[in-house]
Amino acid sequence: MTNVVLDINNLVVGLGRKADAHRIIDDLSLRVAEGETLCLVGESGSGKSVTSLTVMGLQQKGTLIPSGGSVKLVGEELLTASDRRLRQLRATRMAMIFQEPMTALNPVVHVGRQIDEVLRAHTDLDARARRQKILAMMEHVRLPDVERIFASYPHRLSGGQRQRIMIAMALVLEPKLLIADEPTTALDVTTQKQILTLIRDLQRDHGTAVLFITHDMGVVAEIADRVAVMRHGRLVETGPLQDVLRHPKMEYTRNLLSSVPSLVPRTPRPETTEPVVLEANELGKVYRERSLFGKAREVAAAQNVTLTLRKGRTLGIVGESGSGKSTVARCIVRLIDPTSGGVRLAGREISDLSRRLLQPHRQKIQIIFQDPYRSLNPRVTVGESIAEGPINYGMPRKDALARARQLLKLVHLPPDAISRYPHQFSGGQRQRIAIARALALDPDVLVADEAVSALDVSVQAQVLDLLDEIQKRLGIALLFITHDLRVAAQICDDVAVMQHGRVVEQGPAAEVLTNPQQAYTRALLDAAPGRGWDFANFRPVSEAAE
Amino acid sequence: MAIDTLPESSIPVTRPFRLRLGFLTATPIIAVATICLALIILMAIFAPLLAPHDPLLLAPAQRLKPASAQFLLGTDAFGRDLMSRIIYGARISLVIGLGAAVCSIVIGLLIGLVSGFFRWVDAVMMRVMDGLMAIPSILLAIAVVSLSGASIWTVMVAITIPEIPRVARLVRSVVLTAREEPYVEAAISVGSSLPKIMWRHLMPNTIAPLIVQGTYVCASAILTEAILSFLGAGISPETPTWGNIMAEGRAYFQVKPQLIFWPGLLLSIAILSVNLIGDAARDALDPRMKQREGK
Amino acid sequence: MLGYLLRRILAAIPVMGVVALFVFLLLRLTPGDPAAILAGDNATPEQLDRIRASLGLNEPIYIQFYTWIMKLLHGDLGVSLISNKPILEMIGPRLEPSISVALATIILSILVAVPLGVIAAWKHGTWIDRFVMGLSVLGFSVPVFVIGYVLIQIFAIDLRWVPVQGFKSLSAGFGPFFERLILPTCTLSFIYVALIARMTRASMLDVLGEDYVRTARAKGIGEAGVLLRHALRNAAVPVITVIGSGFALLISGVVVTESVFNLPGIGRLTVDAVLARDYPVIQAMILLTSGIYVAVNLLIDLAYTLLDPRIRY
């Protein structure tokens with residue numbers, strides 16, 4: 001290997017100072033060489049972010065204590081360096097970009113000034129030279145209209161632009177090491193692709209060593225030279241990208257890769273002539289912002305959305321954030337009232353029913369939410385949560401609780417979970433409970449609003465399997481809202497692609513996702529990271545076709 | 001692999017958000033506050049047994065006596081025993097503190113719950129609350145007392161009114177946050193009625209902040225009562241309250257500062273104890289807040 | 001910007017309306033004959049008639065309200081029942097002491113409390129933090145007048161550094177004005193410092209956990225820059241909010257402090273009116289102080305837009 005920039009050897013980070021403290025990082029060794037990208041992969045809680053913060057000396061002081069090993073940056077030990085020395089090294093030798101471009105920039109300071117601070121802290125340049133350097137750097141990260149953006153506040157910029165500002169800030173002094181902690185996770189796929197390309201290009205030009213932290217195998221396949229897999233603070237395996245993806249040595253890596261849903265749609269199920277259970281006709285939702293002076297502002301969150309869903313089928317609504325897909329879901333379950341168009345549930349129009357008249361129809365359509373930590377009332381037992389619906393519709397309490405037990409079994413949880421409180425369960429388990437609650441009313445339609453997006457891939461795979469199994473057993477119709485094309489490809493019979501509140505393309509999943517007709521759908525598919533890889537089969541997609 | 005393991009059946013059922021009384025001795029300072037408050041409460045309950053003299057007995061011959069074996073803290077300008085008056089004074093302060101806390105929380109809770117859920121009520125109620133909050137609480141209380149005459153009940157009403165908006169706003173903000181929670185939306189979609197959603201999913205969220213707010217209202221009510229008495233706008237002057245004792249002591253401050261010092265000390269200790277216990281309750285109920293505001 | 005300003009001002013109108021209605025109804029809804037309440041138990045029929053006429057109590061209630069409001073809008077706060085002087089004239093000469101103490105308190109409190117809160121948050125969990133928080137609970141708990149008398153005892157009576165009580169106008173020279181202002185200001189500042197320091201600390205702790213503070217540290221700039229340029233500016237909005245809402249507390253404090261230190265301000269005027277059952281004066285004082293409170297909070301609303309560019313006009 002050529003010049004090693006970052007050299008981590010047997011690093012141990014403990015929770016607290018005690019000798020027997022829980023080890024967040026346990027005996028971790030990594031190397032990143034000049035001009036190389038090392039992807040550090042792992043699920044939540046694997047310690048990958050702590051690793052990066054420890055290198056920067058930004059870990060929570062007093063709580064996370066590096067207690068062993070060494071971290072060397074171009075030969076210089078960082079763990080024992082003084083605060084002053086670490087400050088000097090930051091931005092000059094090592095720099096970092098973070099996950100949330102929305103919150104990583106100071107909201108009350110112009111972005112130009114925020115970059116300027118780096119130069120003021122570490123160089124002796126005068127104001128004009130600094131400004132020129134900053135504008136040049138901003139052009140370098142391909143920001144448009146740099147003079148205007150220089151004097152803008154962060155909230156005036158898009159997520160992608162903010163992440164470019166972060167990159168400009170990180171690289172303006174040409175550090176040897178760039179740490180990128182999930183830098184594209186909060187971005188839409190199309191923006192993600194641009195940012196990944198940008199990081200790749202800048203790294204080539206400057207020979208920067210990049211430590212790239214991600215949970216997304218697709219991103220790994222796009223950007224990594226080498227991969228390191230972490231779990232529970234330990235290194236599972238490390239190696240060149242091709243080796244790890246094709247021939248994972250460890251069971252854990254193999255499982256992780258197998259859990260990644262393929263972008264190639266599953267074999268389509270035969271068309272059915274089952275009855276239509278849900279129809280949306282030219283559904284629209286316009287938000288009016290009332291204003292005392294001047295005209296009211298109107299924002300169309302959804303326009304002319306027409307969907308059809310048959311019994312036992314799955315319809316996916318895919319789109320980027322702000323495309324209106326969640327608005328459609330919430331209109332259909334009548335958590336919000338649509339402003340135009342209709343929703344027919346089992347042939348019965350429900351969009352114009354009053355809350356009271358709607359009551360008997362509510363049980364026919366149920367919803368599961370994204371955040372498993374907030375979708376169950378923390379103060380109510382799991383059993384009571386599940387039984388709440390049936391009790392509302394007149395089932396005696398005893399029977400409702402008995403039904404809750406059966407449903408827990410159906411979602412593979414032990415029946416005695418009934419008397420526990422939600423905080424005793426993991427995210428995936430809570431999502432199963434939420435599914436059980438939705439099923440308690442025997443609905444015809446189940447709406448899943450990004451229901452697996454907050455879960456780790458392995459858990460995500462389990463929940464997707466569960467939904468599939470339930471659908472087969474109960475013949476329920478699923479309306480599946482997701483931003484993740486891979487998930488859509490694996491679970492949907494049909495998909496509707498949404499952009500700016502409108503459905504731009506709709507049809508069988510196998511067709512839309514392999515042979516898209518619309519430019520937007522093509523762009524979306526093209527931007528999906530790792531689209532060339534069939535992770536679950538440890539080979540590129542192209543080899544499968546041969 | 002983060003396998004979604006099933007919970008062990010042997011795991012005991014643990015309830016979230018339990019306020020255990022252990023918080024009252026969480027740190028030495030809080031333990032001292034708890035003991036102080038307990039002593040003051042006992043003093044109020046057993047005042048007739050503890051007080052060496054009749055707190056109302058006038059003895060012009062004994063006026064402004066220094067501390068002695070007969071009058072442990074001396075006498076006031078009317079020759080009444082200062083110590084007995086201070087002991088009895090605890091009664092008024094505690095009754096007012098507790099009464100104002102309970103009343104303002106009950107009324108504020110109702111207003112807050114309703115405003116949090118019905119938009120048109122909200123618009124009207126919050127304007128009214130804004131208006132009440134704009135009036136400095138002492139002035140509002142003074143106006144009420146001076147019109148309706150000074151008795152322990154009018155003083156209590158006068159102190160409760162300005163506290164209501166704070167409680168109502170607190171409850172309303174908790175309700176507004178909670179009703180955005182997916183679990184409330186889930187309850188709507190499984191067809192739960194509005195009263196059920198309020199009672200079961202929204203109300204419980206308000207309990208913890210209300211317990212904490214209740215202690216603060218209690219402390220502030222004790223303080224306001226003392227100020228009202230001190231300004232001469234409180235309960236009639238012969239009644240032994242800490243504020244009244246100090247109000248009478250004002251004229252003799254340079255001669256006999258004890259008339260202000262002793263009741264002031266007890267008053268401060270009582271309020272301080274209630275405030276500290278309130279902070280401790282908040283830390284115990286919401287560990288996240290401890291990180292933010294803790295001590 | 002102008003639209004925002006207008007909207008804030010319009011929003012203040014119903015608040016003042018509620019205050020006026022409350023003050024008006026308080027007298028009328030109290031059980032019993034309002035005139036008898038005001039005149040006291042030993043009033044002669046002539047006194048009662050005079051009060052009735054002066055407050056227009058013989059008219060139907062909505063006409064009473066209308067005439068009262070119209071007078072208010074023309075700047076007529078009514079006439080004192082005791083001295084028969086227009087209340088506005090009574091207030092005029094009383095403003096200087098009250099405003100002096102209030103302004104001095106605000107300035108002193110901010111200068112003391114904000115640094116205390118910042119340091120407590122920065123040194124979170126250390127003895128400095130506990131000390132500041134302890135001080136703040138103490139400030140909330142010890143009544144203003146107790147603090148006042150303790151300070152008088154120590155600094156005026158025992159040490160004889162400053163005069164015990166009283167007030168000298170600024171026109172009589174800065175020295176005498178200033179030395180009589182020191183104790184009242186310190187007394188009143190206690191609770192305000194407690195309030196502001198607590199909020200500054202809480203808000204700073206929130207902000208110090210934000211991603212952009214981590215970004216600032218990742219840039220390698222010094223701690224002072226991180227604390228002041230990045231954290232404090234973002235923490236400022238809740239702090240000035242509490243300065244505004246604490247203004248009601250300050251006004252209450254002024255009333256008490258003026259009694260303790262014998263300052264001839266509007267607080268004394270109010271207390272004297274209460275003792276004399278001069279309801280029109282009490283009414284006027286409530287309207288005046290609430291008006292000041294609403295105006296201060298209006299200014300604070302406007303300050304938000306300077307501090308946080310995200311607040312939409």
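A nonpolar core is a set of buried Ala, Val, Leu, Ile, Met, Phe, Trp, Tyr and Cys residues joined through C-beta atoms within 7 Å. A residue is buried if 20 or more other C-beta atoms, placed from the backbone, lie within 10 Å of its own, exposed if 12 or fewer, and partly exposed in between. The model is predicted: local features need pLDDT of at least 70 and side-chain atom pairs count only at pLDDT 80 or more, while totals for chains, interfaces and linings use all residues. Residues are numbered from 1 along each chain as its sequence is written, with chains lettered from A and ligands numbered from 1 in the order in which they are written.

**Chain C overall**

- Chain C has 14 helices and 0 strands, where helices (H or I, at least four residues) and strands (E, at least two) are DSSP runs numbered from the N terminus.
- The C-alpha trace of chain C spans about 80 × 55 × 40 Å along its principal axes.
- Of the 313 residues in chain C, 44% are buried.
- Among contacts in chain C with a separation of 6 or more, 71% join residues 24 or more positions apart; two residues are in contact if their C-beta atoms, placed from the backbone, lie within 7 Å.
- An unreviewed UniProt entry places the feature "domain: ABC transmembrane type-1" at residues 95-300 of chain C; UniProt positions follow the numbering used here, feature names are shortened, and annotations may be inferred rather than shown by experiment.
- Residues 95-300 of chain C are 83% helix and 0% strand, with end C-alpha atoms 22 Å apart.

**Domains of chain C**

- The domain assignment divides chain C into domain 1 (1-74) and domain 2 (87-307), with bounds that come from an automatic or database assignment.
- The C-alpha centres of domain 1 and domain 2 of chain C are 31 Å apart.
- Contact between them involves 13 residues of domain 1 of chain C and 12 residues of domain 2 of chain C.
- Helix 1 of chain C gives the largest share of the domain 1 side, 11 residues.
- The domain 1 side has 11 nonpolar, 1 polar and 1 charged residues; Ala, Val, Leu, Ile, Met, Phe, Trp, Tyr, Cys and Pro count as nonpolar, Asp, Glu, Lys and Arg as charged, and the others, Gly among them, as polar.

**Contacts with other chains**

- The contact with chain A takes 21 residues from chain C and 26 residues from chain A.
- Helix 1, helix 10 (211-218) and helix 11 (223-245) of chain C each supply at least two residues of the side that touches chain A, and the largest share, 7 residues, is from helix 10 of chain C.
- By class, the side of chain C that touches chain A has 6 nonpolar, 6 polar and 9 charged residues.

**Nonpolar core**

- The largest nonpolar core has 344 residues, and Leu479(A) and Ile196(C) have the most contacts inside it.
- Helix 9 of chain C gives this core its largest share, 16 residues.
- Not counting residues up to four places away in sequence, Ile196(C) touches residues including Ser109(C), Ala113(C), Gly117(C) and Val239(C).

**Positive phi in chain A**

- Asn10(A), in strand 1 (residues 4-15) of chain A, has a positive phi near 50° and is exposed, with 11 other C-beta atoms within 10 Å.
- Phe538(A) has a positive phi of about 55° and lies in the loop between strand 21 (533-534) and strand 22 (539-540) of chain A.
- Phe538(A) is partly exposed, with 16 C-beta neighbours inside 10 Å.
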